[in-house]
Amino acid sequence: MPRRRLSTRLPPNALLLLLTLGGLTLGACAHDRAGQPGYGWNYMDNAGEGPKLAYGRPNSDDVVMMLACAPHASGVTLTTTGVAGGEIALASGRSVIRLRAQPAVSGMDGGVLEARTTVDASALRAFRRTGDLDLLVADAHHDLDAASADQRQVKAFFKACST
């Protein structure tokens, strides 16, 4: 009897989730390390994946938060790792946005939350302008401010996502 070969082709949504989670894999809760030396904002725009802005260690899977969009689209998907809960809040200066979050399927410990917003959201507009961003999940506050060297990365992401 001939062997049947299983298809390795994934539906587009499953592939996007797999790519996003692959970029967010962590061995431990990265929020405990946010703000420590070596963490920063990194802009990526790989063909087929769309623009992404990740806060973590460069050239690694150690990522605390990722923003992703389709090119020239105002919708943004925000993914955080090592957290749980039903809401993610972002704050920049006096601007705060609260987003309903859903757990994302992942094989990692600590949890992954995903929320959707737009590049025009007040806290993201302020982040784009100032580089200051705080991530608030449950009772935890995480400082994800962009260093002056990272601000070019932040602006490049928002430019790529803007319509």
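Which residues of the largest nonpolar core touch the most other members?

Guide: The model is predicted: local features need pLDDT of at least 70, side-chain atom pairs count only at pLDDT 80 or more, and totals for chains, interfaces and linings use all residues. Residues are numbered from 1 along each chain as its sequence is written, and side-chain values use heavy atoms, with hydrogens and water left out.

The largest nonpolar core has 32 residues, and those touching the most other members are Trp41, Met65, Leu67, Ile88, Leu90, Phe127 and Leu135. A nonpolar core is a set of buried Ala, Val, Leu, Ile, Met, Phe, Trp, Tyr and Cys residues joined through side-chain atoms within 4.5 Å; buried means under 20% relative accessible area, exposed over 50%, and partly exposed in between (1.4 Å probe, protein chains only). In soluble globular proteins, nonpolar side chains tend to be buried together.

Consider Phe127. Apart from neighbours within four places in sequence, Phe127 has contacts (heavy atoms within 4.5 Å) with Trp41, Leu53, Ser92, Asp132, Leu133, Ala146, Val154 and Phe158.

The whole structure also holds 1 disulfide, a pair of cysteine sulfur atoms within 2.5 Å. Here Cys69 is joined to Cys161, with 1.9 Å from S to S. This pair links distant parts of the chain, 92 residues apart: Cys69 belongs to strand E3 (residues 63-69) and Cys161 to helix H3 (residues 151-161). Such helices (H or I, at least four residues) and strands (E, at least two) are DSSP runs, numbered from the N terminus. Cys69 counts as buried because its relative accessibility is 8%, and Cys161 is buried at 0%. The link is left-handed, with -85° about the S-S bond.
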